[in-house]
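Visitor: Hi, could you walk me through this model? I'd like to ask things as they come up.

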Amino acid sequence: MTDDGRAGAKRMFRSLHHRSQTLAPGDALAPPMVTASKFVLGAGPDAGIEYGRFSSPTWEHVEAQLACLEDAPVVAFPSGMAACAAAIYTLLKPGDRVLVPSDGYYTVRMLIDRYLTPLGVEAVQRPTRALGEAPMEGVRLVWIETPSNPGLDVCDIAAVAVRAKAAGAITVADNTTATAFLQRPLDLGVDLAVYSDTKAAAGHSDVLFGHVAGRDAGVIEAVRDWRRINGVIPGAFEAWLVSRGLETLDVRLERMCANAAALAEAVRDHPALESVRYPGLPDDPSHALAAHQMDAFGFLIGMTFRSQRAAEDFVAASEAVSPTTSFGGVQTTADRRARWGDAAPEGYLRLSAGCEPTGPLVADILAALDAIA
Ligand SMILES: *Cc1c(COP(=O)(O)O)cnc(C)c1O
């Protein structure tokens with residue numbers, strides 16, 4: 001494990017124990033779920049939790065867990081898009097220019113085009129792989145997503161953050177595909193990290209959630225105000241489910257990344273596939289940068305079949321793979337992204353390796369590929 005990897009392990013350890021340090025005899029070890037909307041007021045303005053739209057003990061618990069992983073203050077949101085929108089609306093004003101990846105999560109581009117452009121925000125798109133060289137003069141906000149969803153291209157986070165800062169721009173990293181455990185964008189110089197915790201962070205395909213993390217107290221306060229004033233707040237049960245999922249984040253990721261590596265290696269030369277993308281494969285275009293800035297190569301694999309039909313036949317032939325959009329769960333899933341309008345080949349599947357035992361999973365996927373080859 002690298003020094004940086006040890007930093008991730010220490011943060012995970014703290015995340016598991018920040019609460020246990022505060023417990024007294026008779027307290028529950030597992031955090032209680034508090035659904036209250038009203039809280040007894042103190043005398044001063046800062047006398048604790050006051051009202052359910054401002055804060056709640058259950059959000060504070062999950063935010064503290066996430067803050068340990070980020071080594072930074074965190075604001076929780078009811079979905080990844082709510083977190084992305086909070087960052088975008090807090091940071092941009094009319095006349096600003098934003099640089100966004102043309103191959104990142106499509107709803108972020110849709111949000112900017114549909115709601116921000118009419119207010120006078122100009123969006124410039126560049127592919128993730130070319131972000132390092134993109135012109136940044138006059139840009140207010142640089143948005144990055146690495147590895148990108150769905151294409152799994154990678155950009156140099158530290159290099160982009162340095163160039164953006166020199167141009168007077170703020171950098172935001174959507175770190176959903178990597179998770180805070182495998183990649184630490186704030187340590188690499190970005191100003192804000194945003195997440196869909198719906199994916200691997202919560203990890204059990206049963207809740208939507210998101211968060212924003214950053215080390216600039218003023219910016220984080222502005223994001224928290226955005227949540228309080230707009231009322232985009234997570235529910236107590238959702239926060240509680242995410243706090244439970246986060247307790248096993250590193251254990252699940254270890255198996256998921258090992259499964260993805262084994263699968264990528266096993267299928268890379270299969271005749272049913274035109275190409276395979278996995279940042280962990282030594283000849284993948286993302287490999288060198290991913291090895292430099294990630295603790296592991298993640299759990300997503302790109303598989304390009306000859307046609308839409310071949311991709312669908314593969315999913316139908318596999319016992320393990322469920323066709324679902326979204327990723328990062330305990331079960332292996334796959335999504336044919338062209339279905340959603342992504343600029344991906346018709347036969348491109350984004351496969352999310354789950355936590356199944358590795359041997360039977362690899363055997364199942366190989367049998368499904370053999371069945372359609
Ligand atoms: C899923 C996803 C989002 C949106 O998250 P939701 O929880 O579905 O709102 C944003 N960015 C990336 C990279 C994602 O994969």
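Visitor: Let's start with the open sheet: in what order do its 5 strands run?

Guide: The order is 8-9-12-11-10, and the pairing is mixed. Strands here are DSSP runs of E with at least two residues, helices are runs of H or I with at least four, and both are numbered from the N terminus. Two strands pair if DSSP finds at least two bridges between them. This is a predicted model, where local features need pLDDT of at least 70, side-chain atom pairs count only at pLDDT 80 or more, and totals for chains, interfaces and linings use all residues. Residues are numbered from 1 along each chain as its sequence is written, and side-chain values use heavy atoms, with hydrogens and water left out.

Visitor: Which strands stand at the edges?

Guide: Strand 8 (273-277) and strand 10 (322-323); each has a single partner strand, so one side of each lacks a neighbour in the sheet.

Visitor: And how do strand 11 and strand 12 pair?

Guide: Strand 11 (residues 333-336) and strand 12 (residues 348-352) are antiparallel, over 4 bridges. Ala334 stands opposite Leu351 of strand 12.

Visitor: Switching to the ligand, which residues come nearest?

Guide: Of the 13 residues around the ligand, those are Met81, Asp174, Ser196, Thr198 and Lys199; being near takes a heavy atom within 4 Å. The shell divides into 4 nonpolar, 6 polar and 3 charged residues.

Visitor: What lies 2.6 Å from a nitrogen atom of the ligand?

Guide: A polar side-chain atom of Asp174. For the ligand's oxygen atoms, a polar backbone atom of Met81 is 2.8 Å from one, and a polar side-chain atom of Asn149 lies 3.0 Å from one.

Visitor: Where is Pro147 placed?

Guide: Pro147 is in the loop between strand 4 (141-145) and helix 5 (157-166), and Pro150 is found in the loop between strand 4 and helix 5 too.

How values were computed
Polar contact = N/O pair within 3.5 Å; in protein donor to acceptor, adjacent residues only side chain to side chain. Nonpolar A, V, L, I, M, F, W, Y, C, P; charged D, E, K, R; others polar.
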